[in-house]
Amino acid sequence: ESLGENAVVSRKSKKSEEKNQLSIFDFKTSEPAPVKRLPAKALFLSYSQIETYKTCPLRYKYQHVLKLPTSANASASFGTSVHAALQHFYEEFMHDKKLGLPRLLELYESNWIPLGYKSLAHENRQRQEGRVMLSNYFKSFHDPKTPVIDMEKMFKLRITPNIFMAGKIDRVDQKGENGIEIIDYKTGKRPTDKELEKNIQLSVYLLAATEKGTYNKQISEVTLTFYYLADNSRISVARTQEDLIKVKEDIIKTA
């Protein structure tokens, strides 16, 4: 459409002529070439990739194989803004325990992403909602004595010789003498208890926490916690060795 019909017809004609000409590489040898058996390609997956594929394999193809660009999304922009504010706040908090709510809200404003909103009014409503979320969270759950040990902790797991899981944990706190608490922030709707049971995200985090390369903890030493900021709630869930076996099987099947 950009070049015009004449240019397209000319191009097709040229390609046709090229196909009819015999290249030196088209001559066949008397013996077939040996078949090379290549090793299986390593597959690196994240929790979000697995969830995308389970939701819709075609969407996975568009997003992660073809890598088609998508327009900005308001909920994604909002979630990233809130996460960034909490991340930078606790990174500073690890060095200065006196930080208060004003600093958290200041970081929220400086990390605000104004993309994907339907209108300026829509953006302003969401922006104010974020301020309320963070204020409620700070008043209900922030403790000046919180022993934060890691923020945005990166990890990589070997599930099989050629399947790997990679990701990052929002926050990790020290819990007791040997324990840790893995924390994940959510700005979306709180799921049902049944949906939480099926959620593999925290199971993947638990797998990472038990690895020697990360924290090398026993399952009993790890607490898994979701903060649902929209309704200002905190949920800790338990996982067993059997749960970890099942989640590994699920990852392999999906891969």
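Methionine 94 touches Val148, Ile149, Asp150 and Met151, leaving aside residues up to four places away in sequence; contact here means heavy atoms within 4.5 Å. This is a predicted model, in which local features need pLDDT of at least 70, side-chain atom pairs count only at pLDDT 80 or more, and totals for chains, interfaces and linings use all residues. Residues are numbered from 1 along each chain as its sequence is written, and side-chain values use heavy atoms, with hydrogens and water left out.

Back to methionine 94, which sits in the loop between helix 4 (74-93) and helix 5 (101-110). Helices (H or I, at least four residues) and strands (E, at least two) are DSSP runs, numbered from the N terminus. Methionine 94 and valine 148 are 54 residues apart along the chain, yet their C-alpha atoms are separated by 6.4 Å. Methionine 94 counts as partly exposed because its relative accessibility is 30%; buried means under 20% relative accessible area, exposed over 50%, and partly exposed in between (1.4 Å probe, protein chains only).

Next come the strands. Strand 3 (residues 163-175) and strand 4 run antiparallel, joined by five bridges, and two strands pair if DSSP finds at least two bridges between them. Lysine 175 has glycine 179, in strand 4, as its bridge partner. Three residues lie between the strands of this hairpin, where glycine 176 takes a positive phi near 75 degrees. On the parallel side of things, strand 4 pairs with strand 5 (residues 222-228) over seven bridges, and isoleucine 182 is partnered with leucine 224 of strand 5. Strand 4 (residues 179-186) is mostly covered, with seven of its eight residues buried.

Then there is the inside. A nonpolar core is a set of buried Ala, Val, Leu, Ile, Met, Phe, Trp, Tyr and Cys residues joined through side-chain atoms within 4.5 Å. The largest one has 31 residues, of which Leu157, Met165, Ile182 and Ile251 touch the most other members. Elements that each supply at least two residues of this core include strand 2 (148-160), helix 8 (201-209) and helix 9 (241-254). Helix 8 gives the largest share, seven residues. A second, separate core of 26 residues includes Tyr137, Val148, Met151 and Tyr185. As for isoleucine 251, its contacts are Ile50, Ile159, Ile163, Met165 and Val204, not counting residues up to four places away in sequence.

Finally, tyrosine 62 belongs to helix 3 (residues 57-65). Its relative accessibility is 40%, so tyrosine 62 counts as partly exposed.
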